[in-house]
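Please keep the sequence and the model in view while reading.

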Amino acid sequence: MKLDAEIEHLAIELGKALGQRGWLAATAESCTGGGVATAITDIAGSSGWFDRGFVTYTNEAKQQMLGVSG
């Protein structure tokens, strides 16, 4: 299975698992530059289980917005 197809499969499975539990997902990304949120939001209906995503790239942004220690 190619990487794109595998990522899509995993995002679909994540959505199914979260939906069954009534849970929502949120992401906090850095090096991926929003790639995880993109994979999730490419799935039709993901607004039912994906709440929000944060992309903080600099150390300062991670500390300010996400509480990541230096």
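This is a predicted model: local features need pLDDT of at least 70, side-chain atom pairs count only at pLDDT 80 or more; totals for chains, interfaces and linings use all residues.

Residues are numbered from 1 along each chain as its sequence is written, and side-chain values use heavy atoms, with hydrogens and water left out. The pLDDT, which is the predictor's confidence in each residue on a scale from 0 to 100, averages 94 over the chain, and 97% of the residues score at least 70.

Three helices and two strands make up the secondary structure of the chain. Here helices (H or I, at least four residues) and strands (E, at least two) are DSSP runs, numbered from the N terminus. Their order along the sequence is α-β-α-β-α. The C-alpha trace spans about 35 × 30 × 15 Å along its principal axes. Contacts are defined by heavy atoms within 4.5 Å; of those with a separation of 6 or more, 59% join residues 24 or more positions apart.

Attention now turns to the interior. A residue is termed buried under 20% relative accessible area, exposed over 50%, and partly exposed in between (1.4 Å probe, protein chains only). Buried residues account for 26% of the 70 residues in the chain. The largest nonpolar core has eight residues: Ala11, Leu18, Ala25, Ala37, Ile40, Ile43, Trp49 and Phe50. Such a core is a set of buried Ala, Val, Leu, Ile, Met, Phe, Trp, Tyr and Cys residues joined through side-chain atoms within 4.5 Å. At least two residues of this core come from helix 1 (3-21), and at least two from helix 2.

Which residues does Phe50 touch, not counting residues up to four places away in sequence? Its partners are Leu24, Ala25, Ala26, Thr27, Ala37, Ile40 and Thr41. One of these partners, Thr27, belongs to strand 1 (residues 25-29). Thr27 counts as buried because its relative accessibility is 11%. Beyond its neighbours within four places in sequence, Thr27 contacts Val36, Ala37, Ile40, Phe50, Arg52, Gly53 and Phe54.

The structure holds two salt bridges, each defined as a side-chain nitrogen of Lys or Arg within 4 Å of a carboxyl oxygen of Asp or Glu. In one, Lys16 pairs with Glu13 at 3.4 Å, N to O. These two residues are three apart in helix 1, so about one helical turn separates them. Lys16 is partly exposed at 47% relative accessibility, as is Glu13 at 34%. Arg52, a contact of Thr27, forms a salt bridge with Asp51, with 2.7 Å between the closest N and O atoms. Arg52 is partly exposed at 44% relative accessibility, and Asp51 is partly exposed at 40%.

Accessible areas come from the Shrake-Rupley method with a 1.4 Å probe; for residues, only the protein chains shown count as cover. The chain exposes about 5,000 Å², of which carbon and sulfur atoms supply 55%. Leu66 lies in helix 3 (residues 59-66) and, at 32% relative accessibility, is partly exposed.
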